[in-house]
Each structure stands twice: as C-alpha cells, then as structure tokens.
Amino acid sequence: MTTNALLEARGVRKRFGAVEALRGASFSINAGEVVALMGDNGAGKSTLIKTICGVHSPDEGEILFHGQSIAGRTPSEIHGMGIETVYQDLALAPDLDTAANLYLGREVLAKGVLGWFGVLNRKKMAGHAQQVLTDLNVNIKDPAAPVAMLSGGQQQSVAVARAVTWANELVIMDEPTAALGVPQTRAVLDLIRRVRDSGRSVVLISHSLPDVLAVSDRIEVLRLGTRVARLTTKDTTEEQIVGAMTGAFTSEEAE
Amino acid sequence: MTSLRRRLLLGSATDITAILLVIVALFAILDFEAFFTSANLINILINASLLIVMAVGATFVLITGGVDLSVGSVLVFSGVIAGKVMIAMGPQGWAASIVGIVVSMLAGAAWGVVNGLVITKMRVPPLITTLGSFGAAMGLAQIITDGNDLKDVPNELIDTLGVGRFLGLPWLVWVALVVALIGGLFLALTRYGRRTYAIGSNAEAARRAGINVDRHLISVYAIAGLLSGLAGIMSYAQFGSTTLSGHGTDNLSVIAAVVIGGTSLFGGVGTMFGTLVGTMIPAVLANGLVIVGLNSFWRDFAVGVVLVAAVYLDQLRRRSRTKR
C-alpha cells in the first residue's frame with residue numbers, strides 16, 4: 001500500500017540530548033489524501049513534521065518524497081519541492097496586507113528597468129492573490145487591509161492560502177483549528193477539503209477528534225515516538241483512536 | 001493605483017499633515033509679510049535639511065522595529081574624517097571636495113555596519129548598541145581632533161554644497177529633498193522596502209519565509225549610517241566647522257520627527273512623507289515663533305506635546321486593532 005506513497009517516513013529516529021523524541025517513527029501519505037497525524041502531547045508529532053520539513057535532520061531512518069530521499073535537506077529546498085507548512089502561530093506579518101503576506105519572501109518584481117531597481121509588481125501579486133482566495137472560496141472583506149484587521153479565521157485562511165499558493169504537492173497544517181470558534185473551524189475544514197480536491201495532499205495535525213473524523217481519509221497515530229496505528233477514518237471509532245493514543249490498543253502492521 | 005497613491009502620500013500621516021498645514025496657515029495669517037516669503041520658506045528648509053537626511057535613514061530603522069541613537073555622533077565623526085582627508089589633500093580643489101564627500105559617507109556607513117553587526121550577530125538590543133556607538137563615535141571624533149574643531153573646508157565645497165544654489169534652491173535643500181524622494185520611493189515600491197516592513201511587523205515570519213533578516217537589518221543600519229555621513233559633510237560644508245559640540249541631541253530630534261510623522265516605534269508602520277512632515281513641524285515652529293515675536297523655546301514645548309500625542313494616536317490605533 002505504501003510503496004507508491006507521495007511522502008513516506010520509515011523508521012525515523014531523532015534524539016535531543018537525553019530525550020529520544022522519535023524512536024523509529026513511520027508515516028505515509030498518498031497523493032490526494034488527507035491524513036490526520038494524531039498523538040498525545042510529547043508523542044513526537046511536531047518533531048516528525050519538523051524532520052520532514054527540513055528543520056531537523058533525522059539521526060536514522062529514511063524520508064522519501066516521490067520515492068527519493070529528502071532527509072537532511074534544508075527547509076528552503078523542501079519548500080522548493082512543493083511542500084509547505086502552516087504553523088500554529090501562522091507566521092503572518094500583521095501590518096502587511098493579504099497579498100503581501102501571500103508573497104512574503106517571494107515577491108514578484110516588475111519587468112524591465114524597474115525590476116532591476118527591485119520595484120514590486122503589485123498588480124500581478126494582488127491579482128494572483130485574489131485568484132487563489134477565490135479558488136479556495138475564501139472571502140477577505142478588504143484585501144488591501146493589514147491582516148491584523150482580519151478575524152482569526154480569516155487570518156488562518158490567509159496562512160493556508162499562502163501555503164497552498166506555493167505547495168503544489170503537500171500542505172502540512174499544525175493545529176489549524178485550535179484557536180477558532182465553531183463557524184471558523186467549519187470554514188477551515190472546508191478549506192482542507194478544497195485543497196485536497198485541487199489534487200494536493202494534506203497532513204493535518206490535530207487534537208480534535210470531531211475535526212479529524214470530519215475531514216480526514218486516514219489517521220496515523222504516534223505514541224512515544226513510534227507509529228502505533230494506521231486507521232481508515234470511515235471504519236474507525238473514537239474509542240479506537242483514543243485507545244491508540246493512550247496505548248490501550250495497537251493496530252497490526254503499524255510498524 | 002489609489003491605494004498606491006494613498007500609501008505614497010498619506011499613509012498614517014494624514015492627521016499630522018493637517019497639523020503642519022494649520023501651523024503654516026497660522027503663521028501666514030499672523031505675519032504674512034515676514035513668514036510667507038520665498039526667502040523665509042527656503043530658510044526653513046535649509047535649517048531642516050540635515051535632519052531630513054538623517055530622518056530618512058531613521059525611518060527605515062524604526063520601521064524594522066529598531067532605533068538609532070548614534071546619528072548625531074556619526075555625523076560629527078564622518079565630518080572629522082572627511083575634514084582630515086581633505087586637509088591632507090590640500091585642502092582645496094574639486095578632487096579634495098569629491099573625495100571628502102565620498103569619505104564622509106563611507107565613514108558613516110562603516111559605523112552603520114558596526115551597529116548592524118552588533119545588533120544581529122551579538123544580539124545586543126539596538127537601543128544599547130547605538131547608545132554605545134553614540135558615545136564611541138563622539139569620543140573618537142574628539143580624540144582625532146584633540147577637541148578642536150577642524151575649520152579648513154575647500155572653497156569649492158563651500159560654494160556648492162555649503163552655501164551654493166541650483167535653480168534658485170540651495171544645494172543643501174536639493175540634496176535633502178532628493179534623498180527623501182529616493183528613500184520614499186525605495187521604501188514604498190521596492191522589495192527592499194516591503195521586507196523592511198515585514199521584518200518590523202514579524203521578524204520570525206520573515207525568517208521562516210526565507211528572508212535573510214540579519215543581512216537586511218545590517219543593510220538598514222548601514223543606510224542610516226551612510227546618510228548620517230552625508231549629513232556630516234553637508235554640515236561641514238555649511239558651517240565651515242566640524243561642530244563637535246553641536247549635534248548631541250540630533251538623535252532625539254530625528255526620532256521625534258520620524259515618530260511624529262506616523263512611524264511606529266514598534267515597527268512595521270511608517271511612510272517617508274510622514275517623516276518629511278514630521279521634520280518640518282519643528283522647523284516651521286522654530287522659525288515662525290521667532291517671527292511672530294514669541295520665544296523660540298516654545299518650539300521645544302510644542303514639539304514635545306505633538307510627539308506624545310503622535311505616539312498616543314499610534315497606541316490607540318493598535319489597541320482598536322487587537323480588539324478584533
């Protein structure tokens with residue numbers, strides 16, 4: 001099942017001093033899938049994600065993207081392959097507008113002589129930003145307003161839109177609904193479905209069982225730095241998930 | 001285009017522009033004959049020109065969320081180095097003049113690079129770093145000159161940059177306005193300007209987006225230093241002296257001007273047009289109060305009030321924003 005996965009981590013170990021955060025952790029996701037990565041606090045979710053994104057390099061084990069090893073690459077090399085992460089703190093510049101945030105660090109310059117002086121092509125960036133937002137069905141009231149003026153849900157949407165703009169393969173979201181109310185959560189879950197429908201894969205890190213059951217295709221559970229369960233969402237109950245997270249239950253073929 | 005125009009011209013400086021216009025109108029009504037002559041208005045601009053040049057650099061620094069207290073000392077230091085080099089060259093002639101201008105700007109930029117390196121690599125806060133170089137640059141300037149002002153300026157430099165005019169406007173004013181124009185366009189329209197705002201707004205976000213934040217900050221402090229160096233040679237040419245003791249409070253005047261102009265002390269917000277207006281308010285007050293027969297000390301009082309009011313408005317804006 002996992003031989004032609006889009007992204008696959010096999011037996012990843014990562015040690016920080018005396019702490020072994022990952023003890024042979026595995027993970028896989030196929031193209032066009034939404035996979036929830038679950039686990040209790042300290043299970044190694046964040047470390048695994050940071051290892052995939054190039055923030056850490058694994059001490060042992062393989063990370064394969066399209067079957068090729070990407071372990072130990074830098075974050076910007078990983079970005080270049082079409083993998084983007086939406087962090088919990090969103091990492092937006094609150095004083096800049098939506099388009100400026102979408103293009104942060106990847107600004108488009110004007111053509112010709114003006115471009116040599118570093119002059120921005122605002123029109124092109126604003127137009128494309130609008131297009132991305134329309135595609136994701138995100139409605140930003142005033143795209144020219146600083147994102148600090150937007151609601152929490154809209155800021156989340158801007159962060160997701162930025163990831164989607166640059167990730168043509170895989171979007172990783174770390175607790176995207178943790179700070180949101182019910183309607184905003186629903187909007188973000190819709191957004192995740194639309195990202196999948198556009199052909200991209202989504203890794204969703206979440207503690208919220210209802211969210212995970214509502215939006216994911218599969219669930220992989222980490223416990224104490226190893227994978228303890230791989231579940232197909234539609235055949236899974238909340239008890240099974242909680243059992244896997246707490247160690248009451250270990251599914252076959254997880255290793 | 002309208003948002004571009006808004007950003008270029010007004011930004012958050014709308015209120016302060018209105019205040020400047022009211023002040024100008026008030027003086028014009030009180031004594032039109034003396035105040036509203038082209039000679040007097042040019043006089044105001046001459047008096048503001050050094051501060052404008054330094055304030056352009058300080059605008060970039062404050063938008064990154066930093067501060068530069070070293071500007072006045074770097075101005076004096078750069079003038080001293082340029083003076084020494086020009087004296088060694090003659091001290092007359094075009095060659096000495098041009099070399100003096102270049103050396104002054106380089107000496108200023110060098111201090112800026114030092115500031116930037118200490119802030120980014122040694123992680124000393126900008127306030128302390130530039131307070132340190134404020135003292136160090138002035139100390140070195142005193143050591144080099146033995147505490148005696150240099151007074152040998154090439155006549156070519158005095159006759160042009162110092163007191164000369166071009167198309168009716170003094171060279172000092174031309175330089176200040178061109179620096180402000182280029183700085184403003186750079187800030188509002190280019191990738192460099194955009195990243196300056198981004199770093200002041202959320203440095204961590206900028207870093208994660210792949211922006212080399214340290215390198216950008218070093219270049220921002222280098223620009224501020226370079227412009228202080230330019231102000232140094234302007235001052236030397238204008239006054240015919242390195243004015244060792246004349247720039248101790250320039251840093252505060254510059255920061256006040258930039259902040260009055262709507263640039264936030266917390267970074268991420270500000271415009272060059274606002275800075276220009278913020279520089280002109282003290283300059284117009286100083287001139288106008290004397291003309292209408294009031295003590296010019298009232299300027300210090302008024303500038304203090306306007307400064308606190310400007311920061312209060314900025315705080316109000318931020319508070320209303322975070323409520324959402």
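In chain A, strand S6 and strand S7 (residues 170–174) pair in the parallel sense over four bridges; two strands count as paired if DSSP finds at least two bridges between them. This is a predicted model, in which local features need pLDDT of at least 70 and side-chain atom pairs count only at pLDDT 80 or more, while totals for chains, interfaces and linings use all residues. Residues are numbered from 1 along each chain as its sequence is written, chains are lettered from A and ligands numbered from 1 in the order in which they are written, and side-chain values use heavy atoms, with hydrogens and water left out. Helices (H or I, at least four residues) and strands (E, at least two) are DSSP runs, numbered from the N terminus.

**The six-stranded sheet of chain A**

- S6(A) and S7(A) belong to an open sheet of six strands with mixed pairing, in the order S6-S7-S8-S3-S9-S10.
- Strand S6 (83–86) and strand S10 (226–232) of chain A each have a single partner strand, so one side of each has no neighbour in the sheet.
- On average, neighbouring strands of this sheet are turned by 20 degrees against each other, direction ignored.
- Between S6(A) and S7(A), A:Val86 stands opposite A:Met173.
- Helix H1 of chain A packs on this sheet and touches S3 (34–38), S7, S8 (201–205) and S9 (218–223) of chain A, where contact means heavy atoms within 4.5 Å.
- The direction of H1(A) makes about 130 degrees with that of S3(A); axes are lines fitted to C-alpha atoms, for helices over the stretch in contact, and angles run from 0 to 180 degrees between N-to-C directions.
- Helix H9 (residues 238–246) of chain A also packs on the sheet, touching S3, S9 and S10 of chain A at about 25 degrees to S9(A).

**The four-stranded sheet of chain A**

- Four strands of chain A form an open, antiparallel sheet in the order S2-S1-S4-S5.
- Strand S2 (19–29) and strand S5 (68–69) of chain A are the edges, each with a single partner strand, so one side of each is left without a neighbour in the sheet.
- Strand S1 (residues 7–16) and S2 of chain A run antiparallel and are joined by eight bridges; A:Val12 stands opposite A:Ala25 in S2(A).
- H1(A), residues 45–52, lies across S1, S2 and S4 (60–65) of chain A and runs at about 65 degrees to S2(A).

**The interface between the chains**

- In chain B, 24 residues are in contact with 23 residues of chain A.
- About 2100 Å² is buried between the chains, and carbon and sulfur atoms give 53% of this; buried area is the accessible area (1.4 Å probe) that two parts lose on being put together, summed over both.
- There are two salt bridges between the chains, a salt bridge being a side-chain nitrogen of Lys or Arg within 4 Å of a carboxyl oxygen of Asp or Glu.
- A:Asp89 forms a salt bridge with B:Arg208, with the closest N and O atoms 3.0 Å apart.
- H1 (2–10), H9 (171–189), H10 (191–201), H11 (203–208) and H15 (297–322) of chain B are the elements that give two or more residues to the side touching chain A.
- H10(B) gives the most to that side, with six residues.

**Local backbone features of chain B**

- A cis peptide bond, with omega about 0 degrees, joins B:Gly90 and B:Pro91; B:Pro91 is in the loop between H5 (71–88) and H6 (94–121) of chain B.
- B:Arg123 is not a glycine, yet its phi is positive, at about 60 degrees; B:Arg123 is in the loop between H6 and H7 (126–145) of chain B.
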